[in-house]
Amino acid sequence: MRGLMQEWPLLVHTFIDHAKIHHGEREIVTRKVEGDIHSTTYSEIYSRSKKFAKALKELGVTKSDVIGTLAWNTHRHLESWYGITGLGAIYHTLNPRLFTEQLDYIINHADNKFIISDISFVEILENIQDKIPNVQGFIFLCEKSDLPDTKLKNVYSYEELINSQDDNFEWVKLEENDACGLCYTSGTTGNPKGVLYSHRSNVLHTLVANSADAMGIKSTDVVMPVVPMFHANAWGLSFSAPMSGCKVVMPGMNMDGESIYELLNDHKVTFTAAVPTVWLMLLQYLEANDLKLPYLERVAIGGSAVPRVMLEKFEKNYDVSVMHAWGMTEMSPLGTIGAFKSGMEELSFDEQMDIKLKQGRASYMVEMKITDDDGNDLPWNGKDFGHLLVRGPFIASKYMKGDGGQILDNQGFFDTGDVATIDELGFMQITDRSKDVIKSGGEWISSIELENIAVGHPDIAEAAVIGIFHPKWDERPLLICVPAEGKDPNKDNVLEYLEDKLAKWWMPDDVVFVDEIPHTATGKIQKLTLREQFADYELPTA
Ligand code: AMP
């Protein structure tokens with residue numbers, strides 16, 4: 001017997017419909033790419049996204065067409081997503097930090113019909129125009145008067161397109177499993193692979209990501225998504241914000257400490273989210289200028305492991321609660337978040353920080369398991385580590401166009417490529433990426449843990465650890481450090497600092513200093529490039 005409840009497909013435009021009716025007056029503030037601060041409301045966003053859908057339709061865009069968006073977090077970028085998805089088309093976020101060969105590859109692979117872009121990216125597009133012949137036009141997120149002087153063909157002003165329409169437009173009828181959004185993984189090896197979200201997966205992810213033990217955003221919150229919309233849907237904030245009716249502050253293109261602080265303070269932001277590198281810049285700015293964060297209550301940090309110093313500074317010096325989250329593009333992206341369980345509120349500060357350093361508990365609808373190399377399940381005891389696999393309704397089942405073939409095991413689990421432990425209470429801790437773990441004499445050393453301890457050294461700004469060939473142990477750790485500004489650490493004092501914090505056999509065999517550590521397009525340390533850079537490196541212990 002079937003249930004007798006209403007059929008109400010889970011569609012992404014319902015978020016903005018809801019916000020318009022129930023939170024129409026609530027403000028969305030943007031630091032525009034042009035530099036000025038702009039203010040609008042959910043009501044306006046709704047109306048303009050309808051006008052944009054109409055304009056796209058006139059340009060010939062129809063259901064299932066893929067529209068690239070090469071843009072920072074702004075109100076216009078947000079409107080464009082609702083316009084695109086309400087028409088049944090698919091937004092495809094283009095990460096401007098990708099190498100140009102990767103950009104033209106993904107634009108062609110996904111068959112982008114139009115590209116919507118901030119004016120700041122005109123040069124990137126000019127450089128690849130000849131390689132993306134199927135793109136029919138470029139829509140710049142600006143007024144007609146601000147259109148760049150460009151050799152690109154078929155250029156439109158977003159504001160002009162919107163101003164030429166009224167908002168009398170019915171969202172196109174869709175099924176909840178229709179494709180909605182597309183994001184390519186950063187592709188540390190081989191070509192990037194496309195993750196194709198459906199309306200249903202985006203809605204389910206939003207409900208889960210915004211539950212009380214996860215991001216828990218309320219209408220009274222002021223939310224600043226610093227994590228870009230091109231990084232796994234801004235971790236769902238583009239949808240959970242209108243669902244909750246919170247005020248939103250869009251930071252645009254400036255993510256330096258001063259710009260972020262200014263917005264946090266001027267708009268009394270209560271919740272924000274980004275990768276650790278952004279928070280590193282903010283904390284440095286706060287310290288250098290002796291500033292506080294009186295309004296900020298919670299910060300979600302993910303994408304890379306949170307170093308202990310960062311965690312403790314937020315919690316102790318600024319009274320901001322850190323929510324350490326783990327996920328990936330293939331998971332929409334949220335998988336786990338470190339909300340306390342009953343009783344943990346009473347633990348000592350240090351014990352609480354130990355828990356918060358873990359990547360957290362699985363959200364509802366995320367099943368997890370850890371396995372050994374033969375696929376056997378490992379126990380949840382916080383000690384045994386193995387391959388982390390996940391299953392659920394907002395986790396990829398295949399990549400775009402079947403790239404990479406079959407990606408699920410015979411029980412339907414997806415291998416995340418991460419190595420992790422899970423403790424008795426279900427708190428997962430990432431040991432490493434399976435490719436980055438250092439295999440020393442048959443045992444594994446976690447590069448992430450070494451890096452996190454090393455950045456606790458007051459004279460080190462950033463640290464990366466890679467495995468270097470060793471004739472006896474196979475691999476041994478090499479610690480690569482960027483000195484903090486004006487500091488001059490040396491190998492001996494760094495090793496001395498690590499000595500009582502690590503097991504003896506985890507101690508790096510050498511320490512080197514560099515001006516810069518390379519990062520991927522999503523802000524992670526680029527281990528592949530480092531391994532290439534140090535391919536011929538000989539350890540003094542070899
Ligand atoms: P992406 O799809 O680009 O977001 O990358 C996902 C990968 O980032 C994961 O598989 C992890 O290796 C890494 N990652 C994400 N969040 C964390 C975290 N909190 N701690 C450690 N690694 C993380």
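1. A polar contact is a pair of N or O atoms within 3.5 Å; within protein, one must be able to donate a hydrogen and the other to accept it, and residues adjacent in sequence count only if both atoms are side-chain atoms. In the ligand site, an N or O atom in the side chain of H231 lies 3.3 Å from an oxygen atom of the ligand. The side chain of R433 likewise places an N or O atom 2.8 Å from a ligand oxygen, while a polar side-chain atom of Q359 is 2.9 Å from a ligand nitrogen.

2. This is a predicted model, in which local features need pLDDT of at least 70 and side-chain atom pairs count only at pLDDT 80 or more, whereas totals for chains, interfaces and linings use all residues. Residues are numbered from 1 along each chain as its sequence is written, and side-chain values use heavy atoms, with hydrogens and water left out.

3. The ligand has 16 residues around it (a heavy atom within 4 Å). Those that come nearest are A325, T329, Q359, D418 and R433.

4. An automatic or database domain assignment sets the domain bounds. Domain 1 covers 13–23 + 35–205, domain 2 covers 344–428 and domain 3 covers 438–533.

5. Between domain 1 and domain 2, the buried area (accessible area, 1.4 Å probe, lost on being put together and summed over both parts) is about 970 Å². Carbon and sulfur atoms give 72% of this area. On the side of domain 1, H109, K193 and L204 lose the most area, together 47% of what that side buries.

6. Which polar links join the two domains? The interface of domain 1 and domain 2 has 3 residue pairs in polar contact, both residues at pLDDT 80 or more. The count of salt bridges (a side-chain nitrogen of Lys or Arg within 4 Å of a carboxyl oxygen of Asp or Glu) is 0.

7. Helices (H or I, at least four residues) and strands (E, at least two) are DSSP runs, numbered from the N terminus.

8. The peptide bond from S332 to P333 is cis, with omega near 10°. P333 belongs to the loop between β14 (321–327) and β15 (334–337).

Methods. Buried area is the accessible area (1.4 Å probe) that two parts lose on being put together, summed over both.
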